[in-house]
Amino acid sequence: MIHLHELNSMPTQEFVATLSGIFERSAWVAERVATLRPFRSVLQLHEAMCTAVDRAGIEAQSVLIRSHPELAGRAAIRGELTPESTREQLGAGLAACSSEEFARLQTFNAAYSNKFGFPFVLAVKGHNRASVIASLEQRIGNTVEQERAVAVREIGRIAGFRLAALVGEPLGARIVSMADYLARLSEHEHALTCSYLTPTHRATAVLIRDWMLSAGLEVHVDAVGNVIGRWPGTAADASTLLTGSHYDTVVDAGRFDGRLGILLPIAVAAQLQRDGAALPYTLTIIAFAEEEGVRFKSTFLGSRAIAGRFDPATLDSIDCDGITVRQAMQAAGLEPREIPAAAFDPARLLGFVEVHIEQGPVLLNEGLPLGVVTSIAGSLRCFVSITGLAGHAGTVPMHLRRDAAAAAAEIVLAVERHCTGTPGLVGTVGQLQVPGGAMNVIAGRCELSIDIRADTDELRDVAAAAVVADCERIADRRKVEIQWRKVLEIGSVPCAPEMQRRWADSIRRTTGTPDARHLPSGAGHDAMVMANLTAMGMLFVRCGNGGISHHPAESLAADDADLAARAFADFLLNFSHNS
């Protein structure tokens with residue numbers, strides 16, 4: 001493996017020679033990007049090379065496509081493949097085709113070549129013989145223009161896998177660049193939004209899957225869209241340590257919430273395997289498909305499926321366009337009837353750990369990069385509908401009004417009053433609307449959300465009861481009707497003491513800090529659902545900009561990401577010694 005900074009400083013001829021195998025027998029691609037150095041990341045280098053191919057024109061692209069060998073074709077039989085192609089075809093099992101499989105491949109290869117005039121190109125990493133044959137058969141139905149575009153895209157994926165295997169970079173920089181590139185996939189042009197099973201969400205899952213494959217993981221997607229990467233352990237019948245977080249986002253999100261807990265383990269797993277490390281247990285990294293509840297107002301769909309706690313009634317939840325969860329799953333090629341099979345057997349698990357930005361200012365203010373999470377706050381979330389009576393803003397006397405908006409204002413202040421001054425207790429009204437409202441009309445209806453959290457369920461429930469009691473008095477005094485709809489009630493969850501100890505030991509060994517900072521989490525995490533399944537622990541990583549999160553200004557320093565990656569690697573290696 002060569003380091004990115006070495007590539008950036010090489011003479012042009014050496015740079016081109018080093019990257020000559022990235023695009024099959026096509027050194028011209030490296031030649032065209034050599035003057036763009038220095039590259040900040042391997043992903044930026046890959047993007048530059050793919051852009052050079054895209055801009056090269058149809059003739060050059062066709063030559064590039066034709067430079068690729070047939071899969072299990074004559075060049076493979078004669079031993080004429082490049083070293084890269086040889087490894088890739090062996091990895092997909094194409095050298096072990098049965099006579100029937102070989103005959104089908106030859107038949108389809110001939111039909112494909114006759115129709116398109118170039119060989120079938122597929123990034124075979126993550127495929128097996130059956131899926132390769134199925135892809136070949138399916139793509140014969142494309143037009144020439146469609147298939148040329150698909151082939152170029154697959155060549156780009158192949159190049160990404162080859163670059164990841166050839167070029168190294170600091171772990172922290174790698175993690176941050178992955179988050180940056182993932183954030184380009186959004187439902188909104190100028191703000192990061194990735195809600196469950198939208199086209200953006202599905203494209204995000206594809207990219208995460210490719211990065212897992214690049215890291216040497218065995219990858220599959222389960223029935224709710226969780227992307228699951230597996231690094232098998234060396235021990236026979238090895239048990240499994242789970243890690244991961246969610247890849248969906250809130251509206252106008254930051255780049256690191258949830259996603260750090262996916263990207264960091266992927267980067268660490270890749271590095272450990274490059275270093276020749278092996279684990280006696282199986283490490284499974286889960287990119288949970290849904291945690292935020294943005295699209296369907298139902299949270300933790302991904303982790304609930306893994307924990308065996310998915311509520312089938314959720315399938316009938318609808319989004320703002322009237323699409324049900326079931327319909328969205330089916331449109332994405334998922335099968336809701338297979339959700340029960342997504343659950344993991346707790347008897348086969350060693351635990352679940354989640355790496356997450358703190359989403360607060362404690363570590364930042366104390367000058368600490370890492371912290372051990374002690375517990376996750378319990379949360380109560382409700383939607384509140386207030387119905388009054390609309391009327392003319394100029395003709396209805398103040399004392400006769402049944403103003404829904406004024407009642408809502410009092411409720412907002414009640415939440416603030418009952419959730420202020422008690423450590424560990426917070427309350428938020430994050431949504432507030434006047435449906436059909438107008439400047440000169442008394443509000444006849446108002447809708448708001450209430451979110452109350454505390455590090456103990458008792459503290460949360462006392463505050464919630466006080467808010468409800470105030471709402472009843474407000475409704476009676478203002479002659480409005482108030483309806484509550486509870487959308488989430490989840491108890492506070494302590495982190496397993498043994499997991500806390502392991503994280504503290506890893507922080508001490510990594511940073512040299514004798515005593516790790518322990519702190520609770522006020523935000524909810526997939527880890528609190530996973531605690532129903534197995535022992536759970538969390539590592540917090542410092543974030544900048546005052547600790548802001550769920551916001552575009554959310555930030556993470558590459559140095560802190562690097563420290564967190566080293567602590568995670570230490571955790572894995574020492575977990576193996578003590579399991």
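Housekeeping next. This is a predicted model, so local features need pLDDT of at least 70 and side-chain atom pairs count only at pLDDT 80 or more, while totals for chains, interfaces and linings use all residues. Residues are numbered from 1 along each chain as its sequence is written, and side-chain values use heavy atoms, with hydrogens and water left out.

Let's go inside. Rolling a probe the size of a water molecule over the atoms shows where empty space is left. Grid points are joined across faces, edges and corners, and a volume is the space filled by probe spheres set on the points.

How many cavities of 30 Å³ or more turn up? Three. The largest cavity holds about 180 Å³ of space. It has 15 lining residues, and Ala 164, Arg 174, Ala 267, Ala 270 and Arg 274 are the ones nearest its centre. By class, that lining splits into 10 nonpolar, two polar and three charged residues.

I'll be naming helices and strands, so: those are DSSP runs, helices being H or I with at least four residues and strands being E with at least two, numbered from the N terminus. Strand E2 (167-168) and helices H11 (171-182), H12 (199-214) and H13 (260-274) each put at least two residues into the lining of the largest cavity. Which one gives the most? That's H13, with four residues.

The second largest cavity has about 110 Å³ of space. There are 13 residues lining the second largest cavity, with Leu 71, Ser 85, Glu 88, Leu 122 and Ile 158 closest to its centre. Helix H7 (83-91) and helix H10 (144-166) are the elements giving two or more residues to that lining, and H7 has the largest share, three residues.

On to the rings. A pair of aromatic rings is described by the distance of the centres and the angle of the planes. Rings of Phe, Tyr and Trp (its six-membered ring) pair if their centres lie within 6.5 Å, and planes under 30 degrees apart count as stacked, over 60 as edge-to-face and the rest as tilted. Searching the whole structure gives 10 aromatic pairs.

Take Tyr 112 and Phe 116, a tilted pair at 4.5 Å centre to centre with 55° between the planes. Both sit in helix H8 (residues 99-116), four residues apart, about one turn of the helix. Buried or exposed, these two? Tyr 112 and Phe 116 are both buried, where buried means under 20% relative accessible area, exposed over 50%, and partly exposed in between (1.4 Å probe, protein chains only).

Then there's Tyr 281 with Phe 575, which is edge-to-face: 5.5 Å centre to centre, 75° between the planes. This pair links distant parts of the chain, with Tyr 281 in the loop between H13 and E6 and Phe 575 in helix H21 (residues 558-578), 294 residues apart. Tyr 281 counts as buried because its relative accessible area is 2%, and Phe 575 is buried too, at 4%.

A charge sits over a ring if NZ of Lys or CZ of Arg is within 6 Å of the ring centre and within 35 degrees of the ring normal. Lys 125 has its charged end over the ring of Phe 161, 5.8 Å from the centre. Arg 37 lies over the face of Phe 15, at 4.4 Å from the ring centre.

Arg 37 shows up again in the backbone: a cis peptide bond joins Arg 37 and Pro 38, with omega at about 5°. Pro 38 is in the loop between helix H3 (28-33) and helix H4 (42-54). Lys 297 isn't a glycine, yet it has a positive phi of about 60°. You'll find Lys 297 in the loop between strand E6 (282-288) and helix H14 (301-306).

Definitions and conventions. 1 Å grid on protein atoms, 1.4 Å probe; cavity = no way out; pocket = protein on both sides within 12 Å on 5 of 7 lines; lining within 4 Å. Nonpolar A, V, L, I, M, F, W, Y, C, P; charged D, E, K, R; others polar.
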